[in-house]
Amino acid sequence: MKHLRDLARAAFVDPVPRNHEQTSAAVRRRRVVVVVTLAVGAVLLGWSLTIRPGDPLFYLTTVAVAATWLAGSLLSGPLHLGRILYRDRLRRPILTPIATGLLVGGVFVLGALVVQHIPPLRAYAGEVLDHARYGAIVPITATTLLNGLAEEVFFRGALFAAIGRTHPVLISTIVYALATVATANPMLVFAAAVLGAVLGLQRRASGGILAPILTHVTWSTVMLFALPPLLGS
């Protein structure tokens, strides 16, 4: 039990030592790039979810969204993978974030058992899941995982670094949720807020984007394969 508690603190609570200082000019430049990227990415994200499920254009727009997040991140400045303390050594976070993604995915699946009995919420969830139901599984899986990776590189990478030291977890989570408002889907906004808080804590503790990426893509995989049959018509 103590081992699990220490591991949880290392993954979510206790920041590891690092020196990621930025000059004032670098921070200003990063913030400009982040704001522009946010505007473009949010518009593309909202547009992607207005496309009819099964339409090949959906894959092109979701790839464009991912490309926007990635391009903005690379242009904003240096990014770091991060480390966590495990058995008195700093290591790249691998197993812990994957386990976290499975755990958070399990919680969302339990929530879906409630949502399926609430018609308005079920309808909102169905708008997103229709792309998984009617689309080809290989491109849907590929674009889902690509966007999960790209979102973390941007929101827990470039954006998090642009915020600075004042409440970066809270601010990055709020911005992440607000970016999904463009989809006009409250279920997506809620999911972004919950997931974003977990990922933000991982980013602050590890000092990098590797843990959030692994958690996000694991969670996305659970959602992609578990929710459509659970909330199927």
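## Helix α9 and Thr218

Thr218 is part of helix α9 (residues 210–230); helices are DSSP runs of H or I with at least four residues, numbered from the N terminus. The model is predicted, so local features need pLDDT of at least 70 and side-chain atom pairs count only at pLDDT 80 or more, while totals for chains, interfaces and linings use all residues. Residues are numbered from 1 along each chain as its sequence is written, and side-chain values use heavy atoms, with hydrogens and water left out.

With a relative accessible area of 13%, Thr218 is buried (under 20%; exposed is over 50% and partly exposed in between, with a 1.4 Å probe and protein chains only). Leaving aside residues up to four places away in sequence, Thr218 touches Ile98, Gly101 and Leu102 (heavy atoms within 4.5 Å).

## Helix α3

Helix α3 covers residues 56–76, and its 21 residues should span 30 Å at 1.5 Å a residue (1.5 Å times one less than the number of residues). The end C-alpha atoms are 31 Å apart, which agrees. At the start of α3, a side-chain oxygen of Asp55 comes to within 2.9 Å of the backbone nitrogen of Leu57. Gly77, with a positive phi near 140 degrees, follows the helix.

The buried residues of α3 include Phe58, Tyr59, Val65 and Trp69. The buried residues of this helix pack against α2 (24–48), α5 (119–134) and α6 (137–163).

## Helix α7 and Ile171

Ile171 belongs to helix α7 (residues 168–179). Its relative accessibility is 32%, so Ile171 counts as partly exposed.

Conventions: Helices (H or I, at least four residues) and strands (E, at least two) are DSSP runs, numbered from the N terminus. A polar contact is a pair of N or O atoms within 3.5 Å; within protein, one must be able to donate a hydrogen and the other to accept it, and residues adjacent in sequence count only if both atoms are side-chain atoms.
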